[in-house]
Structure formats: structure tokens, C-alpha cells
Amino acid sequence: MRMFTTLLAALLLVPAAACNRLAEVGRAPEFSSADGGNAYLAMASLPQSGAAQGGPGSARASLWNGGRASLLGDRRAGLPGDIMTVVIEIDDKAEISNSSQRARNGSEKLSLPGLFGIPQRLDAQLPDGASMDSAVSTTSSSESGGDGSVRRNEKLTLRIAATVTGQLPNGILRIEGSQEVRVNFEIRELLVTGYVRPQDISRQNEITYDKIASARISYGGRGQITDVQQPRYGQQIANIILPF
């Protein structure tokens, strides 16, 4: 009975995330649902292809009209629901090295060899070996030094399709994209969000990551490999609670 109670208490303390992982034992992790997100809602709100043409009949029949379906039309993303390609090419290197050193020495000495005969009278009253010739003497010395260095090397090359999910009053577009690739029992996730100017989108309907304002780029994964690389829940809690 005691063993059953202990097991029940342990199960009650298991976090929800651990329960989800237990449900995936022996199975590949499931993909996240692509329906219901901001990108899906933006694309679902687009008008039908026939209604998007609009305009007078002569304009629709013209061979050289400026519509997006025309040969010479601008096909760059510019409206909520449109799709563009985000090019992520990060190759950053940073190296910082600092060194500092400080030293200080000080010495103070006060003596009273003669002051109206007072030091001599005091010397007679002082214990053997004491004298007013060197009444006060202080010496101080301090030294400090420090060294620090930072070295970082990052390289990432990715391409992802992002959807325009909104348009600000000044014309700036908000984009959001996600991508999941499953290899065996591991899912690699790529997420990107941010704000872009329509004029920064190239004729190939692409934009580089360095032209995305407030860019949030996440590249990670979930699955058996990621699970092994993470400390156990008990270790994580101990690292937070223990002060040493």
C-alpha cells in the first residue's frame, strides 16, 4: 500500500510536458497543426480569384494590364495572405579580449622629535622601546588585475516561406512563417516573424533576414535526440533551488 501511494504521488508530480513525452514513446513526434494560425487565417481571408481581378472589362481583356496575374504585373507579396521567401544567411564572427591591471602603494609616517620638550617627557612615561620619534606610521598596498575574452562563431543558411499576416497603417507588412521537417524520430522546427517594407522585397519575391525589423528567428527541434540532450526535470529544479 505504501508503494502504491508513493507511485501515485510521483505520478501527480509529473509535469504535463513529461506526460506528452511519455505518450510519444516508440513513436515519432507529431507535426504541429498548420490550421488556425495567423498565417492560415490571413490566407483564408483572401478574396476569390475571380473577385480579385475586378476593374472594367476592357482592363481585364487587355494583354498588358498591370494586374498581378499579368505577364508584366508585380507579383511581390504586398497584401495579407500573400507568401514570400525569407532568405536567412548568418555568418557572424566576434572576438573581444580585455585586460586590465592596477597597482597602488602608499606610505605615511608621523614623528615628533621635539615639541617644547613634550616628546621627551612622554618618552619617559612610555614603556621600554616606545618613542614619540615615530609616533604614527602606516603603509598600504593594493593590486588588482583582470582578463576577459569572448569568442563567437555562428553560421546558418536557411530559406523559408513566410505569409503576410497583417499590414500596419504606414504600409509596413507583418510576416510570419514556420517550417517543420521530420527525420526519423526528430522534428526540426524553423520559425520567423517580423516586419518588412514592401520596397525591400526583391523582384524574385524574396527578402533577406537583415531587412526584417524586430526579427525573431528560431531554429531548433524536438524528439528523441533533443530529449536526451536536456537535463532531467529533477536536475533542472535542483539547479534553480540549490544555492551552491
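Asp200 counts as buried because its relative accessibility is 19%, with buried set at under 20% relative accessible area, exposed at over 50% and partly exposed in between (1.4 Å probe, protein chains only). The model is predicted: local features need pLDDT of at least 70 and side-chain atom pairs pLDDT 80 or more, while totals for chains, interfaces and linings use all residues. Residues are numbered from 1 along each chain as its sequence is written, and side-chain values use heavy atoms, without hydrogens or water.

Asp200 lies in the loop between S4 and strand S5 (206-208). Strands are DSSP runs of E, at least two residues, and helices runs of H or I, at least four, numbered from the N terminus. The side chains of Asp200 and Arg197 form a polar contact of 2.9 Å (a donor and acceptor pair of N or O atoms within 3.5 Å; residues adjacent in sequence count only if both atoms are side-chain atoms). Beyond four places in sequence, Asp200 touches Glu206, Ile207 and Lys211 (contact: heavy atoms within 4.5 Å).

The largest nonpolar core holds 17 residues. Such a core joins buried Ala, Val, Leu, Ile, Met, Phe, Trp, Tyr and Cys residues through side-chain atoms within 4.5 Å. Met84, Val86, Ile88, Ile175 and Val196 have the most contacts inside this core. Strands S1 (83-110), S2 (136-167), S3 (173-183) and S4 (186-196) each supply at least two of its residues.

Leu122 is in helix H6 (residues 118-125). Leu122 counts as partly exposed because its relative accessibility is 38%.
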